[in-house]
Amino acid sequence: MDLLNTLVDKGLRRELPTREEALAVLATSDDELLDVVAAAGKVRRQWFGRRVKLNYLVNLKSGLCPEDCSYCSQRLGSKAEILKYTWLKPDDASKAAAAGVAGGAKRVCLVASGRGPTDKDVDRVSETISAIKEQNEGVEVCACLGLLSDGQAGRLRAAGADAYNHNLNTSEATYGDICTTHDFSDRVSTVQQAQAAGMSACSGLIAGMGESDADLVDVVYALRELDPDSVPVNFLIPFEGTPLAKEWNLTPQRALRILAMVRFVCPDIEVRLAGGREVHLRSMQPLALHLVNSIFLGDYLTSEGQAGQDDLAMIEDAGFEVEGTDTTTLPEHRRPGCGGAADETAAEAEAPAATVPAPSDETRRDLVSVRRRGAGTDLPPNA
């Protein structure tokens with residue numbers, strides 16, 4: 001297929017595809033799926049070999065968020081029956097992180113619900129970062145605390161945070177449809193603050209919220225412009241008790257096409273398979289490893305993932321290897337002091353109109369499993 005040959009050539013040169021090409025990936029048929037995966041897999045292997053980076057989430061504070069993000073089980077007014085608890089103590093958070101590190105995680109992601117941290121919260125998270133780093137040599141720590149105020153990014157960096165996560169989630173044009181308590185520009189600003197403070201930026205998207213193909217391409221291009229080091233791709237987990245509980249718009253095949261499109265647009269960036277992979281990819285998860293070079297190990301913030309040992313077995317069986325702490329994730333040209341991403345010289349074509357996929361009539365509530373173990377409970381974590 002000429003499209004795929006063109007995209008592979010551009011990916012190997014770190015050249016930005018046109019929007020028309022990105023949309024064309026999403027429009028490919030199921031019959032062409034393996035060709036799409038094979039093509040994007042060439043780009044993935046060029047920059048990341050067969051390595052898979054493991055990341056582990058620790059939910060420092062769960063539920064009771066004042067923001068109204070429609071996709072979130074922790075949102076204002078959520079009736080989802082999730083775990084709710086206030087801040088974990090630094091020692092408890094460090095113990096939770098240690099379980100993920102023991103399971104092979106290279107990065108620990110510290111997440112807290114809420115609009116953004118107070119200065120006292122930053123102090124608390126700083127203590128947690130110190131405790132984790134003291135007990136786990138070589139581990140990376142990423143903070144995800146919401147919108148940052150002036151000076152907070154610098155304080156987190158000084159405390160030892162290697163990265164900061166704040167997702168754009170969806171296109172700027174449709175952001176107001178999923179959230180009214182903050183806007184798209186607030187999220188962009190927080191990512192830029194993290195970068196300015198010297199932290200590695202982590203920012204991604206959520207697919208499956210009823211968005212069009214054009215929305216998906218727009219948010220991925222917005223991410224490419226921000227130039228984060230890692231792009232997590234989440235697939236909506238339609239929690240009962242949230243406004244998007246009935247949004248079952250994804251098939252495994254569509255999820256794979258979305259991941260392939262992200263890889264072509266972000267060829268040399270860490271692309272992470274994040275929340276919802278078990279729900280929407282299901283038995284086709286191993287194919288996704290040919291597109292992404294990073295996954296979360298074990299459970300998520302408020303939902304359970306598959307067993308950590310199953311994750312490790314899947315990686316091995318698919319012919320990949322877990323990336324160790326002695327390996328640098330990013331290609332040499334993207335490491336600090338080695339220059340930025342490639343020049344984006346490709347001309348962008350006008351994007352054709354796209355329609356929102358029709359929702360499935362079948363609601364698979366059996367696929368969403370609320371987290372009842374790990375942080376905030378007396379049960380051992382899944383790692």
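User: Which hand does the crossing of H2 past H9 have?

Analyst: H2 passes H9 in a right-handed crossing. A crossing is left-handed if the near helix is turned anticlockwise from the far one by less than a right angle, and right-handed if clockwise. Helices (H or I, at least four residues) and strands (E, at least two) are DSSP runs, numbered from the N terminus.

User: Before we go on, what should I know about the model and the numbering?

Analyst: This is a predicted model, where local features need pLDDT of at least 70, side-chain atom pairs count only at pLDDT 80 or more, and totals for chains, interfaces and linings use all residues. Residues are numbered from 1 along each chain as its sequence is written, and side-chain values use heavy atoms, with hydrogens and water left out.

User: OK, back to H2 and H9. At what angle do their axes cross?

Analyst: Roughly 125 degrees, and the axes of H2 (residues 19-26) and H9 (residues 213-226) come within 10 Å. Axes here are lines fitted to C-alpha atoms, for helices over the stretch in contact, and angles run from 0 to 180 degrees between N-to-C directions. H2 and H9 are therefore oblique to each other; angles under 35 degrees count as roughly parallel, over 145 as roughly antiparallel, 65 to 115 as roughly perpendicular and the rest as oblique.

User: Which residues meet there?

Analyst: From H2 you have Arg19, Ala22, Leu23 and Leu26, and they meet Asp213, Ala214, Leu216, Val217, Asp218 and Tyr221 in H9. Contact means heavy atoms within 4.5 Å. By class, H2 with H9 gives seven nonpolar, no polar and three charged residues. For the classes, Ala, Val, Leu, Ile, Met, Phe, Trp, Tyr, Cys and Pro count as nonpolar, Asp, Glu, Lys and Arg as charged, and the others, Gly among them, as polar.

User: And how does H3 pass H10?

Analyst: In a left-handed crossing. The axes of H3 (residues 33-48) and H10 (residues 252-265) come within 9 Å and cross at roughly 40 degrees. Residues in the contact include Val36, Val43 and Phe48 in H3, with Leu256, Ala260 and Phe264 among those in H10. The class count for H3 with H10 is nine nonpolar, one polar and three charged residues.

User: What about leucine 54, where is that?

Analyst: Leucine 54 sits in strand S1 (residues 51-61) and is buried at 0% relative accessibility. Its C-alpha is 9.0 Å from that of asparagine 293, although leucine 54 and asparagine 293 are 239 residues apart in sequence.

User: Last one: what's the phi of asparagine 169?

Analyst: Near 75 degrees, a positive value in a residue other than glycine. Most residues other than glycine have a negative phi. Asparagine 169 lies in the loop between strand S4 (163-165) and helix H7 (175-178), and is buried with a relative accessible area of 3%.

Key: Buried < 20%, exposed > 50% of the residue type's maximum accessible area, 1.4 Å probe, protein only.
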